[in-house]
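This briefing concerns one protein structure, to be read beside its sequence and coordinates.

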Amino acid sequence: MKKSSGNKNRLLIERVCETFSALYQGSIIDKDWLCSRFDIAERTAYRDLARLSPLLDDIGNGRFKLSSHLIPSLHSGHLKEFAHFAGVSQIFPHTDGKSLLNRMKKSDNIEIVGVKSRDNHSLSALFDNLDNAITARRIVTFRYREKPRCVQPYKLINHYGLWYLAGVDDGRLKAFELASIGGFSLSETSFTPTDNIMAELNSASGIRFGQGIEATLWVSAHAAQFVTRRPLFPEQRIVEKHPDNSLNITCVVNDKHTLFRWLRYWMPDIHIAAPTALKDDFVEDFHSRIASADMTNVSEISS
């Protein structure tokens, strides 16, 4: 009998602790939440709510949240750390935690319009598994673009709202979009990170890895105001200013087609000045796209 009573007390303590933890993190609970979470009867759930009642605020319809005087206040230092971690601290003129907290309190006065992230909630389990694999230095396997992969995971990267795994596959550092990963499995095989991979990872811009291509770009006076306002190209550096307010800049890209896509958007205000081989590749690629578009239009008209 004592053993049974002790086990019941242990379960009760664990249940109450987990419930309070959920409340502390902002969850709203009711009897259905308790029954589902702990597989208990309604009568037991009502007893638990009664035990916790001194700590709860009733918000109606049998639902409760942590009492307002117990809700943890956000430490301004923590807010500053998170802003830097998420890469958004430079959005505001003042980046100290207290100023950021004051902006949040006046959120009706401010609107931030920018690149939106996809809803990544469905990736939570995979994200946690990869995070643990990176920490433990364990090789992972999965399917990606219909091919089996065996990858040494190095880092999780958020690139324009999409999450990628940076890892070594078949001897090369590559980026894998988490949303396209299937059949994930954590192996028992460990690996040792290499200095050259870490150096490549730390020097890369975004999710493009490999030998960088340095290009010199001419920028018109019209586009110069946008280029100088904030960098538009990876490792962008102004090397010459012309009397007509146009510029020459250099940048380093790991994939020339990514650069070509940017240049097509900015034509005719930005074009490649050097190297000649890269400039010729862009012209050939551009003419090929025009010819392909013309052929598509002819096919549609004839059909």
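Predicted model: local features only at pLDDT ≥ 70, side-chain atom pairs only at ≥ 80, totals over all residues.

**Surroundings of A274**

- A274 belongs to strand β11, which covers residues 270-274.
- Once neighbours within four places in sequence are set aside, A274 is in contact with A215 and T216.
- The C-alpha atoms of A274 and W218 lie 9.1 Å apart in space, while the two residues are 56 residues apart in sequence.

**Aromatic pairs**

- The count of aromatic pairs comes to 10.
- One of the pairs is formed by F127 and W163, whose ring centres are 4.9 Å apart. The planes of these two rings stand at 80 degrees, so the pair is edge-to-face, the cut-off for that class being over 60 degrees.
- This pair links distant parts of the chain, with F127 in helix α6 (residues 124-136) and W163 in strand β5 (residues 162-169), 36 residues apart.
- F127 is partly exposed at a relative accessible area of 24%, and W163 is likewise partly exposed, at 22%.
- F233 and W262 make up another edge-to-face pair, with ring centres 5.6 Å apart and planes at 70 degrees.
- F233 sits in the loop between α8 (221-229) and β9 (237-241), whereas W262 is in helix α9 (residues 256-266); the pair therefore ties together parts that are 29 residues apart in sequence.
- The two partners fall on either side of the 20% limit for burial: F233 counts as buried because its relative accessibility is 4%, and W262 counts as partly exposed at 26%.
- F142, Y144 and F176 are linked into a cluster by ring pairs.

**The second largest pocket**

- The volume of the second largest pocket is about 360 Å³.
- Of the 15 residues lining this pocket, R145, K174, A175, I207 and R208 are the closest to its centre.
- Strand β6 (residues 172-177) supplies the largest share of the lining, with 6 residues.
- By class, the lining of the second largest pocket comprises 7 nonpolar residues, 7 charged residues and 1 polar residue.

Methods. Residues numbered from 1 in each chain as written. Heavy atoms only, no water. 1 Å grid on protein atoms, 1.4 Å probe; cavity = no way out; pocket = protein on both sides within 12 Å on 5 of 7 lines; lining within 4 Å. Points joined across faces, edges and corners; volume = space filled by probe spheres on them. Helix = DSSP H or I, 4+ residues; strand = E, 2+ residues; numbered from the N terminus. Nonpolar A, V, L, I, M, F, W, Y, C, P; charged D, E, K, R; others polar. Phe/Tyr/Trp six-rings, centres within 6.5 Å; stacked < 30°, edge-to-face > 60°. Buried < 20%, exposed > 50% of the residue type's maximum accessible area, 1.4 Å probe, protein only. Contact = heavy atoms within 4.5 Å.
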